[in-house]
Amino acid sequence: MAQVQTVNATSVPVGSLTTAGITTTSGNLLVACVGYATYSGNALAFLTDNKGNTLAQVAASPSAISSPGAVAAMYVAQNIIGGSGHTFTAINSSNGALSIIVTEFSGRAVSNAVRASAAALSATY
């Protein structure tokens, strides 16, 4: 497995946030983490991309992180549709802090590449 590249974006306060475009390779694996504030009933509505990939939320997330009122949710897209100008958008239920980081990996299984449980996350090798 090899890390290919990472793209991220952070902004506050916003209802949605989109990363810059990158060129991804079809068949690779994407792992994403979205951090968001939970104050005033804010919740993450969804994470999507502009290539039609399914970014599935990992079973063990979201979970609280070190900052009070902040939560992180993990997402995975396997065997992706890639291409140039690939962007990722997180949508909040209301205006609040958002942060997105997406990493592309090559050399992973095209299915069942990530296992998750309520206690921990792990990669399948």
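Biologist: From the N terminus on, how do the elements of the protein chain run?

Modeller: This is a predicted model. In it the order is β-β-β-β-β-β-β-β-β-β-β. The count is 11 strands and 0 helices.

Biologist: What share of the residues counts as buried?

Modeller: Of the 125 residues in the protein chain, 38% are buried.

Biologist: And the surface, what does that come to?

Modeller: The accessible surface of the protein chain is about 6200 Å². Carbon and sulfur atoms account for 54% of that area.

Biologist: Back to the inside. Of contacts between residues at least 6 apart in sequence, what percentage joins residues at least 24 apart?

Modeller: That figure is 77% for the protein chain.

Biologist: Now a single residue. Where does Thr-19 lie?

Modeller: Thr-19 sits in the loop between β1, residues 2–18, and β2, residues 22–24.

Biologist: Is Thr-19 buried or exposed?

Modeller: Thr-19 counts as buried because its relative accessibility is 5%, and the cut-off for buried is under 20%.

Biologist: Which residues does Thr-19 touch, leaving out those up to four places away in sequence?

Modeller: Thr-19 touches Val-7, Asn-8 and Ala-9, and also Thr-87, Phe-88 and Ile-100.

Biologist: What is its phi?

Modeller: The phi of Asn-79 is positive, about 50°, although Asn-79 is not a glycine.

Methods
Residues are numbered from 1 along each chain as its sequence is written. This is a predicted model: local features need pLDDT of at least 70, side-chain atom pairs count only at pLDDT 80 or more; totals for chains, interfaces and linings use all residues. Side-chain values use heavy atoms; hydrogens and water are left out. Helices (H or I, at least four residues) and strands (E, at least two) are DSSP runs, numbered from the N terminus. Buried means under 20% relative accessible area, exposed over 50%, partly exposed in between (1.4 Å probe, protein chains only). Contact means heavy atoms within 4.5 Å. Accessible areas come from the Shrake-Rupley method with a 1.4 Å probe; for residues, only the protein chains shown count as cover.
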